[in-house]
Amino acid sequence: MSQPRSLEPDLESTKTRLESLDKAHLWHPFTQMQGWQRSQPLIIERAEGCYLYDLEGRRYLDGVSSLWVTTHGHRTPELDAAIRHQLDRVAHTTLLGLTHAPAIELAAKLVQLAPPGLTRVFYSDAGSTAVEVALKIAFQYWRQRPDPRPRKTKFVHLRESYHGDTVGAVSVGGIELFHEIYRPLLFEALTAPEPHCYRCPLKLERPTCGMACAEELGRVLADQADDIAAVIIEPIMMGAAGMLAQPEGYVRRVRELCTQHDVLLICDEVATGFGRTGWMFACEAEGIAPDLLCIAKGLTGGYLPLAATLATETIYAAFLGEAGDFKTFFHGHTYTGNPLACAAALANLALFEQNNTLQHVRAIANYLAEQMDRLRPLRLVGDIRQRGLMVGIELVADRATRTPFPPEQLVGYHVTNRCRDYGVLLRPLGNVIVLMPPLAVSTAQIDELIDALQTVLTEIE
Ligand code: PLP
């Protein structure tokens with residue numbers, strides 16, 4: 001970590017002013033603001049590559065890719081240039097009744113990169129809206145297809161799932177802490193057990209379990225397929241659920257079950273998409289294609305808010321008709337398909353090819369796995385789950401009983417706050433430490449990350 005420069009008097013007053021204005025007016029997401037008032041907020045001033053810098057010039061390794069979005073690094077020259085180039089033309093113009101080159105080129109590129117059969121791209125602005133769009137499209141599709149099945153209105157999600165914070169997305173979410181309070185506001189969804197081998201909800205063990213969690217989902221579909229529009233999953237790794245890595249073959253089995261029972265499969269790749277798992281899309285790891293694919297986060301390389309929902313031609317066709325048929329998809333946000341964001345996304349995707357990013361992610365993920373062997377023997381480390389550069393380190397009070405440490409799950413904050421002192425920014429999910437560095441992270445930076453964690457976890461032991 002670089003040493004802080006001493007604060008100049010005007011810098012000191014800037015810091016004090018920003019801190020007091022923040023505390024006076026800013027309501028931070030997923031944050032208990034009472035505690036925030038007592039905290040000393042870290043004010044980020046600038047960034048470069050895999051590092052963020054605070055007002056005093058202190059450098060921090062961005063261990064969570066600024067909430068799982070950064071691909072080639074902060075201030076990547078090609079992305080900066082693409083946005084500037086687009087800024088000289090038009091910053092925003094609507095896709096309602098008009099169109100523009102960046103949105104068109106990007107849609108074509110996404111179709112080329114996506115799993116086969118996904119031919120249509122509907123833009124929105126965030127992962128949550130990409131999920132909302134998928135839910136609404138699935139619902140409307142069954143009403144409008146040539147042989148309508150209007151009873152098919154329900155959705156199935158995995159019990160610990162997280163698909164975003166808007167009301168529809170929360171309805172298909174199951175994290176008690178985030179979702180329970182809103183339950184009366186939500187539509188009712190069906191659930192199936194999450195595939196979580198370290199804490200199997202069915203109290204079974206791999207491999208003798210026969211992937212009973214998938215078969216339970218199969219039973220829900222078999223019982224109620226006539227009422228079910230779609231199943232929504234995050235393929236191969238459930239992120240916000242606590243970095244739950246699915247057993248190999250799970251996603252393939254879910255795809256088979258959905259096809260068998262004539263239910264749509266929505267893959268939410270908001271977190272797993274764009275190289276994060278070592279595949280452009282995690283579905284590819286299992287050789288499957290969903291009927292609807294939700295993408296956001298890494299789409300613009302971590303620069304601008306943009307999301308999309310990709311659909312098959314069959315789904316799209318169900319929305320075609322004359323104006324009076326009212327088959328239109330009545331949905332669209334003001335900034336949908338924003339040209340600056342589309343330009344950033346195009347530059348981001350071009351760099352994936354230019355830099356062989358997927359190859360780099362696979363190599364660096366192997367290196368990360370080796371380095372994490374240093375953490376495995378530590379008393380607090382219960383489980384390490386990894387898919388590419390998406391990692392969860394679950395901390396336990398007792399490795400034998402797997403009791404989360406501590407039950408209030410505050411240790412994560414303690415560990416990650418302490419990591420800051422060693423120049424590494426991390427953010428926990430309960431008792432799980434999340435490692436999601438930018439895809440461009442180097443071996444030296446992985447060392448920095450693991451050194452900091454090893455030091456902090458050893459201190460606590
Ligand atoms: N879906 C998944 C799998 C996510 O991880 C997230 C965010 O973390 C979302 C949806 C929601 O995305 P956003 O925060 O951009 O609305």
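Where is Gly332 found? Gly332 lies in the loop between helix 11 (313-317) and helix 12 (339-354), and the views below visit this loop and several other places. Helices (H or I, at least four residues) and strands (E, at least two) are DSSP runs, numbered from the N terminus. This is a predicted model, in which local features need pLDDT of at least 70, side-chain atom pairs count only at pLDDT 80 or more, and totals for chains, interfaces and linings use all residues. Residues are numbered from 1 along each chain as its sequence is written.

**View 1**
As background, strands of a sheet pair through backbone hydrogen bonds, either parallel or antiparallel.

**View 1. Strand 10 (residues 264-268) pairs in the parallel sense with strand 11 (residues 292-295).**
Three bridges link strand 10 and strand 11, and Asp268 stands opposite Cys294 in strand 11. Strand 7 also runs parallel to strand 10, joined to it by four bridges, and here Ile232 has Ile266 as its bridge partner. Strand 10 is largely enclosed by the rest of the structure, because five of its five residues are buried. A residue is buried if 20 or more other C-beta atoms lie within 10 Å of its own, exposed if 12 or fewer, and partly exposed in between, with C-beta atoms placed from the backbone. Leu264, Ile266 and Asp268 point one way from strand 10, while Leu265 and Cys267 point the other way, and all are buried.

**View 2**
Two residues are in contact if their C-beta atoms, placed from the backbone, lie within 7 Å.

**View 2. Lys152 sits in the loop between helix 6 and strand 5.**
Is Lys152 buried or exposed? Lys152 counts as buried, because 22 C-beta neighbours lie inside 10 Å. Leaving aside residues up to four places away in sequence, Lys152 touches Trp142, Asp226, Asp227, Ile228 and Ala229. Lys152 and Leu265 are 113 residues apart along the chain, and their C-alpha atoms are separated by 13 Å.

**View 3. Around the ligand there are 14 residues.**
Of these, Ala126, Gly127, Ser128, Gly164 and Val270 come nearest; a residue is near a molecule or strand if its C-beta atom, placed from the backbone, lies within 6 Å of it. Helix 6 gives the most to this shell, with three residues. By class, the shell holds seven nonpolar, five polar and two charged residues. Ala, Val, Leu, Ile, Met, Phe, Trp, Tyr, Cys and Pro count as nonpolar, Asp, Glu, Lys and Arg as charged, and the others, Gly among them, as polar.

**View 4. Strand 2 (residues 51-54) and strand 3 (residues 59-62) run antiparallel, joined by three bridges.**
Tyr51 has Leu61 in strand 3 as its bridge partner. The hairpin of these strands has four residues between them, and there Gly57 takes a positive phi near 90°. Strand 3 also pairs in the parallel sense with strand 16 (residues 424-425), over two bridges, with Leu425 as the bridge partner of Asp62.

**View 5. UniProt lists Tyr162, Lys297, Gly332 and Arg427 for "binding site" in an unreviewed entry.**
UniProt positions are given in the numbering used here, feature names are shortened, and annotations may be inferred rather than shown by experiment. The listed residues spread over 266 residues of sequence and are also spread in space, up to 32.2 Å between C-alpha atoms. Gly332 counts as partly exposed, with 15 C-beta neighbours inside 10 Å. Arg427, placed in strand 17 (residues 427-429), counts as partly exposed with 16 such neighbours. Not counting residues up to four places away in sequence, Arg427 touches Val64, Thr416 and Val434.

Technical notes
Pairing = 2+ DSSP bridges.
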